[in-house]
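Have a go at each task before you read its solution.

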There are 2 protein chains.
Amino acid sequence: MIGARAARAFAPASVGNVGVGFDLLGHALDQYGDRVLVRVIEEPVVRVSAIRGLVTDLPFDPVHNTAARAVASWRSALGLACGFEIEIDKGIPLGSGLGGSAASASAALTAANALLVQPGDIASLYPHALEGESAASGSRHGDNVGPQLLGGLVLATHDRLLPVPVPDCLHAAVVHPHYVLETRRAREALRGHYALSEFVAQSEGLALVLAGCYRQDLELIAAGLRDVLVEPRRAGLIPGFAQAKQAALDHAALGASISGAGPSVFAWYRDAASAEQAALAMAEAFATVGLASDRIVCKVASPGARVLEVL
Amino acid sequence: MIGARAARAFAPASVGNVGVGFDLLGHALDQYGDRVLVRVIEEPVVRVSAIRGLVTDLPFDPVHNTAARAVASWRSALGLACGFEIEIDKGIPLGSGLGGSAASASAALTAANALLVQPGDIASLYPHALEGESAASGSRHGDNVGPQLLGGLVLATHDRLLPVPVPDCLHAAVVHPHYVLETRRAREALRGHYALSEFVAQSEGLALVLAGCYRQDLELIAAGLRDVLVEPRRAGLIPGFAQAKQAALDHAALGASISGAGPSVFAWYRDAASAEQAALAMAEAFATVGLASDRIVCKVASPGARVLEVL
């Protein structure tokens, strides 16, 4: 069943939630990403042997490490006798809202899958990616692992991944301010109760964005791409958010909101040039509150995880 | 601007909410419907002169009558000098969850529009239909007037109507038990607070149904068509609901839930024959709790309002 000694894979960062699809919708990004090497070992365990790169203070134990937990779940489902050793190169800053924890799991599973004589399809990896993600967030939601595995814009339900077609011209501008927002704090802000009217307004946005994507109608996407449910509860946790969002909208964004749990901010544009200019303006907005930041500009239909080498 | 003396139009009953799209999604039905005659009068007012048919104890005053309120809103927007007299033939039982109040407004606007030398498009009628609907429900939601005006399955946002393509084979079985459930009681059952997790689960269903419709994928529709948000809060108000829903599912429904505010129950099927058999079984289920019922079986892509005659 196992046909290689080791494999290395890359999984990109991603925008979770995408404003209208809390815990359900996400899209892949380019540039940032995690690289993970998975090596076959005789000992029947899954262990992490190295964590390098942008983030190094991550748990090594396989219950709390997203990559190890994902691979252990996959190994168990396949009934493999051998074990695996994992080396993680982090290319996504932690607590950025760009799916960093998820990317380690996505890359590890993509690498592990490449070790098989007959690798499974992406759908077969998804439940294990969810299991890995739960090591970091405590819950199983696929809005980051989904697009990281599949690429592009993805509807990630509790048991399936559905690619959502997006107009090829669509570009994302994502700005990551250097401010640590703990996912725990971002989740706490969502505690409490919600009104049915909020739900209806948010659903309207989700439905418009989905319909706009399937109809390739940018005007519909623009009408729907706003978050009236989660953003109001989290915006206050991100210094400079209002200014950065305004800068995004001032550059004719189809919509702009928080990426994942924040503090990164994303916005969608009709072309690359607008997205480039907007990203600069968004970064300047964060600078006015004293925050340096990184910028990502890429197609919303960016590619997902890929195998880099099989040894 | 006005080119005729009078016009008569028909608007069909409809399934509101469709399980996954509370206040947002609805589809037209065949068989049941309201017929409304709108006649030009010199006096600059809008008044109801007759209410006939299945329901006659409706308000005549133009603030509380949905048809009159809709036509008054339309007349005002167009700045018309003349007035209008309205005769309503009710073909939809009130308090059935089949959009009866909305249908009078939809039919009245369709007739009024036909009086113009250059009738407006359906989108131009929508805000007035919402205004008419609000006379009955106290809020502006288009999940009944939307499909009644446009036909088929419709996403009805606060300011636009979007037809959603449905597989032509898709049939609805709708059973209306003879039990009066006041819309007010059905709305009261929804008071109180909601958890974010309920929202995520319900959004997943909405997204799957929409994606399934756009991809013409019945399996996706079946995966999404269930109501975890509203149905649990209303089911107890409808005697025999659980049995009728079970009967619908036992006949291989793609999904089944409450139509609008109830007590009618709807279910979707892959073909007409299954829907016919299911409707019988659902009616039998209501009979076991002592309720007689009516059955409707039609395509989900049933036609919307139409002009019957222009005089």
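A salt bridge here is a side-chain nitrogen of Lys or Arg within 4 Å of a carboxyl oxygen of Asp or Glu. Before you start, note that this is a predicted model, where local features need pLDDT of at least 70, side-chain atom pairs count only at pLDDT 80 or more, and totals for chains, interfaces and linings use all residues. Residues are numbered from 1 along each chain as its sequence is written, chains are lettered from A and ligands numbered from 1 in the order in which they are written, and side-chain values use heavy atoms, with hydrogens and water left out.

**Exercise 1. Find the partner of Glu309(A) in a salt bridge and say which parts the pair ties together.**

Step 1: Look for the partner. Glu309(A) pairs with Arg8(A), and their closest N and O atoms are 2.8 Å apart.

Step 2: Helices (H or I, at least four residues) and strands (E, at least two) are DSSP runs, numbered from the N terminus.

Step 3: Over all chains, the search turns up 34 salt bridges.

**Exercise 2. Describe the interface of chain B and chain A.**

Step 1: Count residues. With contact meaning heavy atoms within 4.5 Å, chain B brings 31 residues and chain A brings 31 residues.

Step 2: Get the area. The size of an interface is often given as the accessible area lost when the parts come together. Buried area is just that loss (1.4 Å probe), summed over both parts. For chain B and chain A the figure is about 2,900 Å², with 75% of it on carbon and sulfur atoms.

Step 3: Look at the polar side of things. Two salt bridges are counted between the chains; one of them joins Glu219(A) and Arg160(B), with 3.1 Å between the closest N and O atoms. Five residue pairs (both at pLDDT 80 or more) are in polar contact across the interface. That term means a pair of N or O atoms within 3.5 Å; within protein, one must be able to donate a hydrogen and the other to accept it, and residues adjacent in sequence count only if both atoms are side-chain atoms.

Step 4: See which elements of chain B take part. Strand S6 (161–164), helix H6 (196–215) and helix H7 (218–224) of chain B each supply at least two residues of the side that touches chain A. H6(B) gives the most, with 13 residues.

Step 5: Sort that side by residue type. Ala, Val, Leu, Ile, Met, Phe, Trp, Tyr, Cys and Pro count as nonpolar, Asp, Glu, Lys and Arg as charged, and the others, Gly among them, as polar. The side of chain B that touches chain A then splits into 20 nonpolar, six polar and five charged residues.

**Exercise 3. Work out the strand order of the open sheet of four strands in chain A, then say what packs on the sheet.**

Step 1: Pair the strands, which takes at least two DSSP bridges between them. The order is S8-S9-S7-S10 (chain A), with antiparallel pairing.

Step 2: Find the edges. S8 (255–258) and S10 (293–299) of chain A each have a single partner strand, so one side of each lacks a neighbour in the sheet. From one strand to the next, the twist averages 15 degrees.

Step 3: Zoom in on one pair. S7 (residues 171–177) of chain A and S10(A) run antiparallel and are joined by seven bridges; there, His176(A) has Asp294(A) as its bridge partner.

Step 4: Axes are lines fitted to C-alpha atoms, for helices over the stretch in contact, and angles run from 0 to 180 degrees between N-to-C directions.

**Exercise 4. Which peptide bond of Pro263(A) is cis, and where does this residue lie?**

Step 1: Check omega. The bond from Gly262(A) to Pro263(A) is cis, with omega near 5 degrees.

Step 2: Locate the residue. Pro263(A) is in the loop between S8 and S9 of chain A.

Definitions and conventions:
Buried area is the accessible area (1.4 Å probe) that two parts lose on being put together, summed over both.
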